[in-house]
Amino acid sequence: MEEINKKELSERDICTKYITPAISQAGWDLHTQIREEVTFTKGRVIVKGQSVSRGKPKRADYILYYKQNIPIAVIEAKKNTYGVGEGMQQALGYAETLDIPFVYSSNGDAFLEHDRSGTSGQVEREIALHEFPSPEQLWKNYCVWKGIDSIEEESIIQEYYTDSSGKAPRYYQQIAINRTVEAISKGQDRLLLVMATGTGKTFTAFQIIWRLWKSRTKKRILFLADRNILVDQTRTNDFKPFGNAMTKIKKRQADKSYEIYLSLYQAVTGTEEEKNIYKQFSPDFFDLIVVDECHRGSVDEDSAWHDILKYFSSATHVGMTATPKETKYVSNIHYFGEAVYTYSLKQGIEDGFLAPYKVIRIDLDKDLTGWRPERYKIDKYGHSIEDRIYNQKDFDRGLVLEQRTQVVANKISEYLKATNRFDKTIVFCENIDHAERMRQALVNENPDLAVENRKYVMRITGDNPEGKAELDNFILPETRYPVIATTSRLLSTGVDVQTCKLIVLDQRIQSMTQFKQIIGRGTRINEEFDKHFFTIMDFKKATELFADPDFDGEPVEIYEPGLTKPVLLREHSNAGRDKYVVDDVKVRVINERVQYMDKAGKLITESLKDYTSKAVLKDFKSLDSFLNYWSTASQKMAVVKELEEEGVMFEELAEQVGKDFDPFDLICHVVFDQPPLSRKDRAKQVRKSDYFTRYGEQARVVLDALLDKYADEGIENIESMDVLKVQPINQFGTPIEIIDIFGGKDNYLVAVKGLEKQLYMAEA
């Protein structure tokens, strides 16, 4: 009898009655070591036109922690109608993502154990409920797996910082922190962490430093950054808990009474020996140095940062970057070693922690065909123009086509007018001169808003104090102005513009490092300010770098010491250099196309129709299989959402095929080559049928209004009970009164399902 009842229990009941008691009896603390239904990703942002939804987040039934910061086991539960190992593959996927060695599946009868660590001698075995291992057993195996001895254990089990806000590291931050602390505890003294822009590198650095500092593994620590704003943000935000133990090195003074030091690297180095104030500290003063944004020349052998690291060579050095720099001339890996952990842009978007993007590629005729001046051509200032073919490499460097700048400014403004003219926008230009001309062109394209507030468009470059003074206002989500920033280098790295929705590339970018940093300006999500995705408008074919396998691949060491070092990227103004300025050459757009990201984070290069067909045919091999699934689905919108999670972009498809078609017709037409019916035509067919005759007069009026709602807006609206609260349905009474017309909620839902069935009767 007990067996029959067990089969009827829900998954939650199996957890409550069998799995949780078994874990608890093994010695796991219910309050501090066992967490149930742990959601560890946010669910990928799915872009639908200008609106968004989210895919399903990943959620583990149980994660067991030896300490607050050390997840050690994951358990996937299933109903008793399934076998004991039914959840194992799912659990193994979670364990791999979460860096957890011990994996379990259970249906309430027993546990299937999978040992990823290889410490038990048997990969998989079935164990009885009462045989579940204790925390001490698993911790002992964990230490064997990680090679941790008793001396190293103290710093490894030191918990991270928590406060009343409840902010805790995300799963990938926790992995980065744990791997770094473990490696340092075991004596590794050069480490690299690669984390995509917007994934919280500074918060991760704080937690690493906190744990090593609290455990006294490292007592004096130096945090180096290359921009003053980053040092100040770090001090007042993430590093604030260090309180009076922390100082910022400034006024070229070294005060040795603190334990945590933050510094702009320029503040401790100089061109003359006596200005190198870091030498006021003894070489063994610091135990740990963390280098933020370490791709920016920090390990280049002729850089000032390298001198600091060399001077404090006895300290542990941790480099943090979004873009490991790997060229023939410079390498992070050569200095720091292989990354102890990498969290990529692609993974961040897939998990829903980073914003996805779409790309608008715009080709200009002169960029593609080049331009050759006619004989004896002079520019607007009377200079004779050298007779040769000028192409994209020359534009805005050696040659300015003023009408080209105007066309770019027009396309940017056209896009913002079609979306939101107050969306924060960064325009990356070739140089300071180009950034200034672009500012002027954008002002002239937006005279109404430029007159309303002079800060609507601003040039923010390193040479311009007025623009630099507005950088904080551009960054702050709460501050409306500036809206559009034209720049060349200043905003390409390290500056956190959370609400940036449009990134314009009018700059030739051939460095993958620079490209990733620029893209990183848009990847942050800020739900409070409706920032869920961003758009890249590319005039210089820079987004072709998306196709490069290095865009999100593992870095490969190709460093060749001894070769000439490249000059570090700096903003330049072309001062003192010949430049032709031509104002009478027409430039026009000859090609414009929108590209989207698929669910794997790759840009779709094929047509949207071909991409849709591939996505749908993975699940539905024939029209009949799709029609059957659609007709039997209790809610049609559930099918739509499933297809959206597979990557189908209905709004974009409707833009190409027709806005009058609902998702059903878009799929039937695009994938299975069926003639589509508009929503209005489907509504007419229902009215011609005898479906309404089975209902009374009042109910018929409501159903007729629902049919109009479908014809105007689609299936989503008639499936939701919220439709009863809006025009024109609410004119028939309150939701309760309308439901009563049908004799109760169940009867109303039956009527709606019948209406849906009639809508798709012909195909059914």
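This is a predicted model: local features need pLDDT of at least 70, side-chain atom pairs count only at pLDDT 80 or more; totals for chains, interfaces and linings use all residues.
Q: Which residues sit on each face of strand 14?
A: One side has Thr316, Val318 and Met320, the other has His317, Gly319 and Thr321, and both faces are covered.

Q: Which strand is joined to strand 14 by 5 bridges?
A: Pairing first: two strands pair if DSSP finds at least two bridges between them. Here strand 9 (residues 190-195) runs parallel to strand 14, with 5 bridges joining them, and Leu193 stands opposite Met320. Strand 13 (residues 288-291) also pairs with strand 14 in the parallel sense, over 4 bridges. In that pair, Ile289 stands opposite His317.

Q: What is the strand order of the open sheet with parallel pairing?
A: Its 7 strands go 11-12-10-13-14-9-15. Strand 11 (246-248) and strand 15 (341-343) are the edges, each pairing on one side only. Neighbouring strands of this sheet are turned by 15° against each other on average, direction ignored. Axes here are lines fitted to C-alpha atoms, for helices over the stretch in contact, and angles run from 0 to 180 degrees between N-to-C directions. Helix 6 (171-185) packs on the sheet, touching strand 9, strand 13, strand 14 and strand 15, and its direction makes about 175° with that of strand 9. Touching, or contact, means heavy atoms within 4.5 Å. Helix 7 (201-214) lies across several strands, including strand 10 (221-225) and strand 12 (260-264), and runs at about 170° to strand 10.

Q: What is the order of the open sheet with mixed pairing?
A: That sheet of 7 strands reads 19-20-18-21-22-16-24. The edges are strand 19 (457-459) and strand 24 (589-595), each of which pairs on one side only. Inside the sheet, strand 16 (residues 357-364) and strand 22 (residues 534-538) pair in the parallel sense over 5 bridges, and Lys358 stands opposite Thr535 of strand 22. Helix 14 (residues 402-418) lies across strands of this sheet, among them strand 18 (424-428) and strand 21 (500-505), running at about 150° to strand 16. Helix 15 (residues 432-445) packs on the sheet too, touching strand 18, strand 19 and strand 20, at about 170° to the direction of strand 19.

Q: Which residues are buried in helix 5 (residues 150-157)?
A: Helices (H or I, at least four residues) and strands (E, at least two) are DSSP runs, numbered from the N terminus. In helix 5, Glu152, Ser155 and Ile156 are buried. Their arc around the axis is only 100°, which puts them on the same side of helix 5; the arc is that of the directions from the helix axis to the C-beta atoms. Exposed Ser150 and Glu154 are on the face turned away from the buried side. The buried residues pack against strand 5 (70-77), helix 4 (135-146), helix 6 and helix 7.

Q: How much space lies in the largest cavity?
A: Rolling a probe the size of a water molecule over the atoms shows where empty space is left. On a 1 Å grid over the protein atoms alone, a cavity is a set of points where a 1.4 Å probe fits but cannot get out, a pocket is an open set with protein on both sides within 12 Å along at least five of seven lines, and lining residues have an atom within 4 Å of a point. Grid points are joined across faces, edges and corners, and a volume is the space filled by probe spheres set on the points. The structure holds 2 cavities of 30 Å³ or more, and about 80 Å³ lies in the largest cavity. Its lining includes Pro71, Tyr142, Lys146 and Arg179. Helix 6 gives the most to that lining, with 5 residues.

Q: Which residues are the closest to the centre of the second largest pocket?
A: This pocket holds about 1,100 Å³ of space. Of its 36 lining residues, Gly198, Gly200, Asp496, Gln498 and Arg524 are the closest to its centre. Helix 7 and helix 8 (228-236) each supply at least two residues of the lining.

Technical notes
Residues are numbered from 1 along each chain as its sequence is written. Side-chain values use heavy atoms; hydrogens and water are left out. Buried means under 20% relative accessible area, exposed over 50%, partly exposed in between (1.4 Å probe, protein chains only).
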